[in-house]
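Please find below my notes on the model under review. They are set out as numbered points for the discussion.

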Amino acid sequence: MDIPQISKQLEDTGYIVLAKPLVDELLAKLFTRCHDDDSGRFHAAQVGRGAGKQQIGSIRSDVIDWLDTANGTDQIYLACMEELRLGLNESLFLGLFDYECHYAIYGKGDGYAKHSDVLQGKKNRILTTVLYLNEDWQTCDGGELVVFEPTGKSVLTTVDPTFGTMIIFLSESFPHEVLISHAPRRSIAGWFRVSGS
Ligand code: OGA
Ligand code: MN
């Protein structure tokens with residue numbers, strides 16, 4: 001990953017869309033891992049935190065599975081993100097402490113209503129990353145990520161969830177929404193965090 005380029009653009013605009021920051025071999029392995037194969041790995045995503053956690057299909061209807069530090073493929077992805085974490089700390093002094101991430105699968109008709117990634121009362125998510133794993137994604141498949149400018153009033157950018165694309169943005173600054181997907185939509189969403197609440 002081009003850490004100087006990522007740092008510069010995060011500093012200038014607060015977000016960056018990278019066409020293909022990871023090698024194809026790793027993307028292919030991650031794609032294989034991002035399948036709900038009846039093993040019970042994936043479960044309905046929830047909204048909120050702690051006792052306030054709820055599954056509300058009208059807000060978000062994807063299924064997720066947190067990466068597994070015991071899995072070889074997940075380890076390679078986590079190592080890439082660790083390199084990014086250290087690089088960003090060095091160049092931007094962000095004090096990023098760790099990284100959490102999950103596979104997500106949106107089925108036909110699934111989306112995620114406009115939201116912020118900083119959970120209420122908890123400010124430890126600093127940077128959001130989303131890596132997309134969809135080969136041959138067509139415009140008619142929908143499922144775009146719409147990123148709004150900080151006031152939430154106008155659209156800053158729209159990202160197609162095409163294979164290998166990664167977006168990185170300041171978690172607190174940009175409300176965003178996943179438009180209804182008309183085909184299975186696979187990704188890894190993650191957050192670099194600072195420690196504490
Ligand atoms: C999320 C999210 C965006 C996407 O999981 O919080 O906003 O494009 N995902 O999948
Ligand atoms: Mn989000």
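1. In this predicted model, R193 touches G95, L96, F97, D98, E100, N124, R125 and I126, leaving aside residues up to four places away in sequence. R193 itself belongs to strand β11, which spans residues 185-193.

2. Is R193 buried or exposed? Its relative accessible area is 18%, and buried means under 20%, so R193 counts as buried. One of the residues it touches, E100, also makes a polar contact with it, side chain to side chain, at 3.0 Å.

3. Which residues provide the protein donors of the manganese ion (ligand 2)? They are H115 and H176, each through NE2, and D117 through OD, lying 2.1 Å from the ion. Along the chain, these donors follow the spacing H-x1-D-x58-H. The pair D117 and H176 links distant parts of the chain, 59 residues apart: D117 sits in the loop between β5 (112-115) and β6 (125-132), whereas H176 lies in strand β10 (residues 176-178). Both D117 and H176 are buried.

4. The helix packing also deserves a comment. Helix α1 (residues 3-13) packs with helix α3 (residues 72-92) at an angle of about 55 degrees, and their axes are 10 Å apart. On the α1 side, the contact is made by I3, I6, S7, L10 and E11; α3 contributes E83, L84, G87, L88, S91 and L92.

Technical notes: Residues numbered from 1 in each chain as written. Chains lettered and ligands numbered in written order. Predicted model: local features only at pLDDT ≥ 70, side-chain atom pairs only at ≥ 80, totals over all residues. Heavy atoms only, no water. Donors = N, O, S within 2.8 Å, 3.2 Å for Na, K, Ca; no water. Helix = DSSP H or I, 4+ residues; strand = E, 2+ residues; numbered from the N terminus. Buried < 20%, exposed > 50% of the residue type's maximum accessible area, 1.4 Å probe, protein only. Polar contact = N/O pair within 3.5 Å; in protein donor to acceptor, adjacent residues only side chain to side chain. Contact = heavy atoms within 4.5 Å. Axes fitted to C-alpha atoms, helices over the stretch in contact; angles between N-to-C directions.
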